[in-house]
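Trainee: I would like to go through some of the labels used for this model. Please tell me what stands behind each of them.
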Amino acid sequence: MTGSTRMNARYRCLALAALLALALPADGRAQRQAPRSIRGRVVAAENRAALPRARISISTELKRGEVVFADDRGYFVLPIPENEFLTLLVTKAGFATAQRVLRRADLTDDELRIAMNRSSSIVGHVTDASGDPAVDFNLVAVRLDGSGDTSIPDRFETRANDLGDFRFGGLPAGRYQLIATEPGASELRSSAIDVREGDDAGPIDLVEPRGSRSEDSVSANAPASPQPGAMIRGRILDVRKRPIKGVVVKAISPREFTETAISDERGRFVIDGLRAGSYALEASSLGYVTAQYGQSRAAGPGLQVVVRDNETFDDADFVLSRGSVVTGTITDERGEEIEGAVVRAIQIRYADGRTTATIVRVAQTDDRGGYRLYGMSPGSYLISALDTATISGANQRGYAPIYYPGSTQLTEAVPVHTDIGRDVAGIDLGFRHESAARVTGIALDASGAPVKGDVLLVASQRSGGIALEPRQGIRTNADGSFTIADVPPGEYVLKVSKPWSNGAPQFGVEFVTVGDADPNPVVVQTAAGSTLEGRLVIDDKRGYEVLARRGPVLGLRAVPADFDRTPVMGQVPSRLLTNSDGTFRLSGLFGPTRFFLGGSGVEWYLQSLVIDGVDVTDSPFDFGVTTQTIPGVEAVISSAGGTIAGHVTDARSIPIANYSVIVFPTDRTKWFANSRFLKFGRPSQDGGFEVIGLPPGEYWVAAVDSIEGNQSFGEWQKPEVLESLAPRATRVVLAERERYMTVLRVIRR
């Protein structure tokens with residue numbers, strides 16, 4: 001109800017500069033020219049006092065337009081979209097939502113006056129057929145009276161939270177009916193509810209009747225037609241030993257494929273048709289802490305489940321705990337609550353050789369400015385609030401994102417700690433006017449033509465700070481121009497992506513330093529990037545055919561070594577091997593890039609990679625930001641990798657079953673993320689471990705009792721962590737195809 005997509009300032013200038021065509025009717029009189037913007041003022045109905053920071057949005061049937069806050073005197077200005085019928089929506093915490101349905105042809109230059117009444121609300125609770133809270137049910141409040149009154153919306157929407165609780169705020173006085181829906185369940189309806197101005201109605205209880213949900217005709221524990229291959233079965237329970245339905249269970253293979261199942265009414269699940277091998281199992285559901293099978297502690301790594309061909313593993317049981325909750329209130333610089341602000345929980349992780357800030361939960365403030373982040377796993381989080389609406393006025397500025405306890409700088413944020421059964425309240429944030437700039441520029445392609453594409457502003461890795469996921473991207477205007485508002489001081493990278501054109505996307509990048517004033521406009525020029533053409537060569541006497549018969553899908557994966565000069569935030573495009581002769585074509589490569597072997601053949605490893613005559617097997621290749629094709633690339637892969645396997649004991653030589661194994665080379669120059677010599681392992685159900693696909697060489701092998709992360713990310717990739725483990729690790733010299741068996745003594749951290 002309060003979210004929207006904001007056009008940038010440059011687009012508004014162009015739109016307002018376009019004159020409407022003048023036409024003369026038959027009688028020779030000139031038609032009145034429609035206004036280019038809507039001007040108005042928002043006041044309180046009870047005393048006509050100005051309502052600063054009321055949120056005003058304009059939309060058409062097809063899309064949402066710009067969103068602004070009213071200024072200090074309640075005034076606002078909004079450009080008019082090129083549509084005949086428009087809807088103006090006005091919200092403010094503590095006041096009833098106001099609406100104006102407008103016809104473009106009827107608009108004048110007169111000021112629009114909007115008087116807002118005090119709001120009402122309806123609160124309640126939804127329970128599913130099993131008597132549990134109905135998490136994330138969709139609810140609609142439909143207005144039953146006031147037919148034809150376009151100044152009031154006819155429906156309001158919300159969702160039930162992790163407790164099954166819901167709140168409809170910002171309601172005008174009137175009569176309503178509530179409707180709750182969820183896939184696979186019957187529709188729940190309330191009786192008519194009369195709400196008076198300023199009142200809270202409820203609580204209203206909506207209960208899903210028994211037998212209303214569609215039941216699976218086949219038990220999840222015994223599928224009628226199981227797929228050939230291995231099978232994993234289990235059950236999902238809560239801490240009170242009650243089954244949980246609708247839990248998503250994933251079997252994740254190091255071979256880079258995932259199979260998924262959903263638990264039934266009895267909490268049972270089956271994943272069948274699996275290849276023989278090792279799997280990590282993960283269970284997730286709204287409101288619960290995501291769990292790994294065999295975890296010794298919440299948010300820790302789980303055990304590996306090893307299955308053979310046509311074998312069934314029956315004991316993959318999970319007990320899920322309710323996640324923690326973080327709550328608080330978001331206010332403006334006056335201390336007044338803001339409705340519709342976005343609040344994010346950000347977790348700090350180490351992945352791909354850098355510290356990143358990953359957004360793991362998102363919530364929106366309600367009509368009281370309150371938010372609720374739920375389903376939080378134990379850990380440390382940064383809490384951030386942002387709002388994309390600008391404040392009407394000459395400067396057209398808004399609020400920079402703010403981090404708890406009250407800074408616009410990510411590096412000054414103070415973590416909030418959560419744990420099982422421990423909720424955190426009072427994490428309040430107040431927006432304020434600080435130095436924030438507008439970054440403007442123009443995007444051109446290689447030929448100098450304007451780029452119609454996406455623009456992202458990302459904190460530069462060169463600043464030494466934490467890499468935060470980019471702010472929401474904007475689209476360039478028809479002439480390639482763009483404006484990004486409310487940017488706090490810092491070092492940034494502007495990234496422009498042009499969609500596929502003539503067979504290839506384009507990308508451009510420029511660095512920007514933001515201080516107290518707006519930086520000079522930036523020109524970003526895009527290029528199609530580099531393309532590699534080559535062949536995967538199998539170091540095996542049986543040739544490529546043996547690879548084709550075995551069925552693994554192998555290919556080169558490209559990982560940025562400098563994230564500032566690569567598209568978006570993650571890996572650049574990669575191409576899996578599909579041609580029968582082993583040829584490949586890998587395009588869209590920018591900046592310093594490392595390569596590793598990916599796909600379903602986990603026992604294979606990259607033996608060598610030569611690009612343009614340079615061996616880059618263990619070093620990055622810098623493609624720059626240009627357009628070029630490099631032919632004749634040779635990548636040699638081998639199935640002759642070695643294996644390190646064994647068991648782990650404690651200080652008394654007693655075997656233990658919960659630990660992590662890190663295999664890393666004695667050569668410190670190879671300590672980088674995605675190194676072919678650096679691997680992470682977990683024990684299987686029998687307590688043993690196995691790390692395969694290792695190139696021949698000299699290694700340190702360390703078993704640790706506790707470490708952050710899993711096979712994909714974690715502190716085990718940090719050189720300083722490896723340095724601390726090396727003196728206590730076991731040294732192993734591994735030959736091709738060798739299976740080295742060992743017993744490791746666990747390292748306590």
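Mentor: Start with pairing: two strands pair if DSSP finds at least two bridges between them. Keep in mind that this is a predicted model.

Trainee: What makes strand 25 and strand 33 a pair?

Mentor: Strand 25, residues 324-331, and strand 33 are joined over two bridges, in the parallel sense. The cut-off is at least two bridges, so they count as a pair. Within strand 33, Gly430 is the bridge partner of Thr331.

Trainee: Why are strand 28 and strand 33 called edge strands?

Mentor: The open sheet has three strands in the order 28-25-33, with mixed pairing. Strand 28 (370-376) and strand 33 (429-430) each pair on one side only, and they are the edge strands.

Trainee: Why is Arg53 called buried?

Mentor: Its relative accessible area is 6%. Buried means under 20%, so Arg53 qualifies. Arg53 is in the loop between strand 1 (37-44) and strand 2 (55-59), and has a positive phi of about 60° although it is not a glycine.

Trainee: Is Lys241 buried or exposed?

Mentor: Lys241 has 56% relative accessibility. Exposed means over 50%, so Lys241 counts as exposed. Lys241 also has a positive phi, about 65°, and is not a glycine. Its place is in the loop between strand 16 (230-238) and strand 17 (248-252).

Trainee: What makes Phe269 and Phe318 a tilted pair?

Mentor: Their ring centres are 6.4 Å apart, and the limit for a pair is within 6.5 Å. The planes are at 50°. Under 30 degrees would be stacked and over 60 edge-to-face, so the pair is tilted. Phe269 lies in strand 19 and Phe318 in strand 24, so the pair ties together parts that are 49 residues apart in sequence.

Trainee: Why is the pair of Tyr293 and Phe313 given another label, edge-to-face?

Mentor: Their centres are 5.9 Å apart and the planes are at 80°. That angle is over 60, so the pair is edge-to-face. Both Tyr293 and Phe313 are buried.

Methods: Residues numbered from 1 in each chain as written. Predicted model: local features only at pLDDT ≥ 70, side-chain atom pairs only at ≥ 80, totals over all residues. Heavy atoms only, no water. Helix = DSSP H or I, 4+ residues; strand = E, 2+ residues; numbered from the N terminus. Buried < 20%, exposed > 50% of the residue type's maximum accessible area, 1.4 Å probe, protein only. Phe/Tyr/Trp six-rings, centres within 6.5 Å; stacked < 30°, edge-to-face > 60°.
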